[in-house]
Structures are given as structure tokens and as C-alpha cells.
Amino acid sequence: MEKIWLKSYPAGVPAEIDVNTYASLREVLEESCAQVRIAARAIRAWASTITFAELDELSAAFGAFLQATRPGQGARVALMMPNVLQYPVCLFGILRAGCTVVNVNPLYTPRELEHQLDRQRRRDDRRRRELRAHARGSASARRRSSTSS
């Protein structure tokens, strides 16, 4: 299959990447912003742009705000936005706060939104129960092994 989109890549952008180079998307963002910490354009939408420096600063500020609300490491944060410049700022801010992004379609009806969030809540509850059961099992195993020694 011909990859016709490669013709529109700017000079210096590789056609293939090694997905094992970074542990997370957060690392990619932080390294990109650190390397290009100048007025280079990171994102353009319509007539507006965000530079790498602005993306770094704004997403760090949003991530710090989220951390101040104490959602907890790995907490899910719903992001319900259309394609606007604020979306990547919030996306990377959520990742920088150590949270997980849950994309929500901004065209959902209230009923559809409630269904998606309720389904996610049930998944989270199930994962918490599994983790607690695993932790109890691990603690019991440690107690048994320490008493048998």
C-alpha cells in the first residue's frame, strides 16, 4: 500500500518510528517540548497556533491544577471537547498529572454520556475490587510464609 500521506510530512519527519523509544506519550511530549523550547509551532488549528513553549507551559499548568485536586495516580479524567487548541493542552495536562484520559464525544446526548460514564464507573469499581482482593491475598501469603519460617 502506498503511503501517500508521507508526501505531506515536513523535511526531517521520519516515515517510521520506533515505538519502544519512549515508555509513554507523556515522555514524547516532554522531550519534544524540551528539544524545541522555542517559538516553533507545535499545533495549528484554523488561524491559531500554539508553540511548543506554550504547549509545555499550559499543559504543565493544567496538570498541576489536576494534581492539586488530588484525583489520584491513574484516575480517569473525562475530556469532552471538539477539535480546538485547548484539547491537546488538556490531553497532555491530564497525562502529566499521571491520570488516564477518557475521551468523550462532545455530541453525546445526556443519556449517552451518562451511559458511557456509568460503564466506566462500573469498570473502575471492578478493578478496585480485584486490586483489594489481590492485596488481601498477597498479605495473607506473606503472613503464612513469615509464620512458617
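Helices (H or I, at least four residues) and strands (E, at least two) are DSSP runs, numbered from the N terminus. The model described here is predicted, so local features need pLDDT of at least 70 and side-chain atom pairs count only at pLDDT 80 or more, while totals for chains, interfaces and linings use all residues. Residues are numbered from 1 along each chain as its sequence is written, and side-chain values use heavy atoms, with hydrogens and water left out.

Pockets were examined on the protein atoms alone. Rolling a probe the size of a water molecule over the atoms shows where empty space is left. On a 1 Å grid, a pocket is an open set of points where a 1.4 Å probe fits, with protein on both sides within 12 Å along at least five of seven lines. A set of such points from which the probe cannot get out is a cavity instead. Lining residues have an atom within 4 Å of a point. Points are joined across faces, edges and corners, and a volume is the space filled by probe spheres set on them.

The second largest pocket holds about 200 Å³ of space. Its lining consists of Leu-25, Val-28, Leu-29, Ser-32, Cys-33, Ala-42, Ile-43, Phe-52, Leu-55 and Phe-92. Two or more of these residues come from each of α1, β1 (41–45) and α2 (52–68). Helix α1 gives the most, with 5 residues. By type, the lining has 9 nonpolar residues, 1 polar and no charged. Here Ala, Val, Leu, Ile, Met, Phe, Trp, Tyr, Cys and Pro count as nonpolar, Asp, Glu, Lys and Arg as charged, and the others, Gly among them, as polar.

The largest pocket holds about 480 Å³. It is lined by 14 residues. Gly-12, Val-13, Pro-14, Ser-32 and Phe-52 lie nearest its centre. Helix α1 (residues 25–35) supplies the largest share of this lining, 3 residues. The lining divides into 8 nonpolar, 4 polar and 2 charged residues.

The largest nonpolar core has 19 residues. Such a core is a set of buried Ala, Val, Leu, Ile, Met, Phe, Trp, Tyr and Cys residues joined through side-chain atoms within 4.5 Å. Buried means under 20% relative accessible area, exposed over 50%, and partly exposed in between (1.4 Å probe, protein chains only). Leu-55, Leu-79, Ile-94 and Cys-99 touch the most other members of the core. At least two core residues come from each of α1, α2, β3 (76–79) and α3 (86–96). The largest share, 5 residues, belongs to α3.

Contacts (heavy atoms within 4.5 Å) place Ile-94 among several partners. Not counting residues up to four places away in sequence, Ile-94 touches Phe-62, Leu-66, Val-77, Leu-79, Cys-99, Thr-100 and Val-101.

Helix α3 is mostly covered, with 8 of its 11 residues buried. These are Pro-88, Val-89, Cys-90, Leu-91, Phe-92, Gly-93, Ile-94 and Arg-96. The buried residues of α3 pack against α1, β1, β2 (48–51), α2, β3 and β4 (100–103). Gly-98 follows the helix and has a positive phi, near 85 degrees.

Arg-96 lies in α3. Arg-96 counts as buried because its relative accessibility is 12%. Its side chain makes a polar contact with the side chain of Asp-56, at 2.7 Å. A polar contact is a pair of N or O atoms within 3.5 Å; within protein, one must be able to donate a hydrogen and the other to accept it, and residues adjacent in sequence count only if both atoms are side-chain atoms. Leaving aside neighbours within four places in sequence, Arg-96 is in contact with Arg-26, Leu-29, Glu-30, Asp-56, Ser-59, Ala-60 and Gln-67.

Arg-122 is placed in helix α4 (residues 110–148). With 45% relative accessibility, Arg-122 counts as partly exposed. The C-alpha atoms of Arg-122 and Arg-96 are separated by 25 Å, and the two residues are 26 apart along the chain.

Two loop residues complete the account. Trp-46 is found in the loop between β1 and β2. Trp-46 counts as exposed because its relative accessibility is 68%. Most residues other than glycine have a negative phi. Phi of Trp-46 is positive, near 55 degrees. Tyr-108 is found in the loop between β4 and α4. At 31% relative accessibility, Tyr-108 counts as partly exposed. Leaving aside neighbours within four places in sequence, Tyr-108 is in contact with Leu-113 and Gln-116. Tyr-108 and Met-80 are 28 residues apart along the chain, and their C-alpha atoms are separated by 9.3 Å.
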